[in-house]
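Here are my notes on this chain. Please read them with the model open beside you.

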Amino acid sequence: MQSRIAIIGSGPTGLYTLKGLVEADVPLNITVFEAEAEAGKGMPYHPGLNDPAMLSNIPSIEIPALTETLVEWLSRQGDEDLERLGIRREAIDGREFYPRVVLGEYMRDQFLRIVERGLANGHVIDVRERQKVVDITLQLHDVMLTVKAGEDEPVEAVFDHVVMATGHNWPDKTEVKPGYFISPWPAGELAEVRNCRVGILGTSLSGIDALMTVATGNGTFHYDATGDLQFAPAAESPAFHATMMSRKGLLPEADFYCPLPYRDPEVCTKEAVDALIATGRGDLLDELFELFRAELMAADPDYAAKIGLWRLTVETFADAYYADRMEADPFVWAAKNLAETEQNRERRYTVPWRYAILITHEIIARAIPHLNETDLKRFHKHFKNVFVDDYATVPLMSIGRMLALHRAGVLDILRLGQDYEIVTEGRERGAEIVVGDETHAFDALIDATGQSALSATDMPFPTLVSQGGVKEATTVKERVVEPDDTARQVRTGGIDVDDAYRPKLATGLCNRLYCAAIPFLLHKQPFVQGITSAAEIGETVSEAIIDDIHADRGGLLQKSA
């Protein structure tokens, strides 16, 4: 009998999981549930949810290949299709950034090809589009799903393995009050933001996505006679003006040139970090920082001397890292950074200190699930953002567009600091941002601060939660003297999963459920993000499922013998 496997969601994580499963050497019965009309695209790349002006923040060369690379797929598209996608054939390049909707078309095509490959390999694959899984029930030996299609009554289906690849969790309607949007997605919700003052909470990629959506609805970008990018407000939008806001009031930096795949660090290596983990101690953060500091010193002694790295700590490194940017005008800094990045690309030059931070972030992340409460809080408060800033660089085009908007007089940046208030009461539309004694009024306010970490109680499957099928992740509080002389467990948020992304159960029910939804993993795995993480999770989950199936078959053979 074929093992029955369900994948909930067909975005990147579900897609890479399916890719791994169809390579299995035993026949599988796979059902893919997708709430949207077309499987394979996923929320970050779906045309109904994203504006064509929204760029992905990952170049083609970094996207793990499915049946082919993105560049290979683009290269075999016809001229009419490339024109429809807004891509010049001669500009197709592995280091280029493409609109999110282009990646959506690529992934849809790859999904269909993977399904074809799976069928050719003897698997049964059933794709259920416009069908939403509304509940999960763990049973003794299998998992039951409750599925709803449109206005039909929910139906139940039972599977041996279930993968929750539900992706980001955005509300269906984001305009919760007139002119107040709690998310930039779906992008179509922003269509009515016209000819007004717009506030955007967040200056990173999500904030840029929101900005580009409203900007292209209120004007056009074009190149002038000298080849510089400019923005022209539409005649019917003379009052359009956008203000991007964040605590630091900084813009992200442009994606910098670097060798791919990543080179191995010299000091802050996997082996060195794993050796710290093996001690079993939870107070590892200072020793992790010493490895990081030694790596940075070895990679770029001049930068280390400039920021006084020898005297910095976990608590003070970020201040030194951001110091020059905090003192500069954000648009002056962005223009300088863009020019430097373009020059480095032409020379194929990598800034050593930037690269050292980039190649160590995933290695440092190996130790995060093992930190005690104090060090986990220190990491999130003081250290994490440096790595996020370094790897969450944005396409050069995005920086160029923001500079064009600023030159046109329709974009500025507001530094909020640590204490501000959002006021919606008493306003017909939009909201006010109160910072100290200053009040900034906006006709539309868009919260583009991104997906926050979710926990067990946020799981959209009520029976699974009530069964204890998922529980909040914990970390060990530093050892204190207690009656039983044991270390206390402290809840940290997120979902507690094992190395194969199976939720750690407090029950004796079936454990072949896999939580591959990134928002539930963020607290203990802070750098899980984007397509590369989706590919790694999909590979891990598909291998675990195939291993389980082989183990079951081996047990059956022994019994029959």
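1. **Ground rules.** This is a predicted model: local features need pLDDT of at least 70, side-chain atom pairs count only at pLDDT 80 or more, and totals for chains, interfaces and linings use all residues. Residues are numbered from 1 along each chain as its sequence is written, and side-chain values use heavy atoms, leaving out hydrogens and water.

2. **Cis peptide bonds.** Pro 186 lies in the loop between strand E9 (180–181) and strand E10 (197–201). Helices (H or I, at least four residues) and strands (E, at least two) are DSSP runs, numbered from the N terminus. Trp 185 and Pro 186 are joined by a cis peptide bond, with omega about -5°. Another cis bond joins Leu 260 and Pro 261, also with omega about -5°. Pro 261 sits in the loop between strand E13 (241–246) and helix H6 (270–277).

3. **Positive phi.** Asn 195 is in the loop between E9 and E10. Its phi is near 50°, a positive value in a residue other than glycine. Asn 195 is partly exposed, with a relative accessible area of 30%. The scale runs: buried under 20% relative accessible area, exposed over 50%, partly exposed in between (1.4 Å probe, protein chains only). Arg 348 has phi near 55°. Arg 348 is exposed, at 58% relative accessible area, in the loop between H10 and helix H11 (352–365).

4. **Overall form.** The chain has 15 helices and 21 strands. Its radius of gyration is 25 Å, close to the 24 Å that the globule rule gives for 561 residues, so the chain is as compact as a globular protein of that length. The radius is taken over C-alpha atoms, and the rule is 2.2 Å times the number of residues to the power 0.38. Of the 561 residues, 52% count as buried.

5. **Cores.** A nonpolar core is a set of buried Ala, Val, Leu, Ile, Met, Phe, Trp, Tyr and Cys residues joined through side-chain atoms within 4.5 Å. The largest one has 77 residues; Leu 74 and Ile 136 are among those touching the most other members. Helix H15 (residues 530–560) gives this core its largest share, nine residues. Apart from it lies another core of 45 residues, including Phe 292 and Trp 353.

6. **A helix pair.** Which residues of H13 does H10 meet? They are Leu 396, Ile 399, Gly 400, Met 402, Leu 403 and His 406. Contact means heavy atoms within 4.5 Å.
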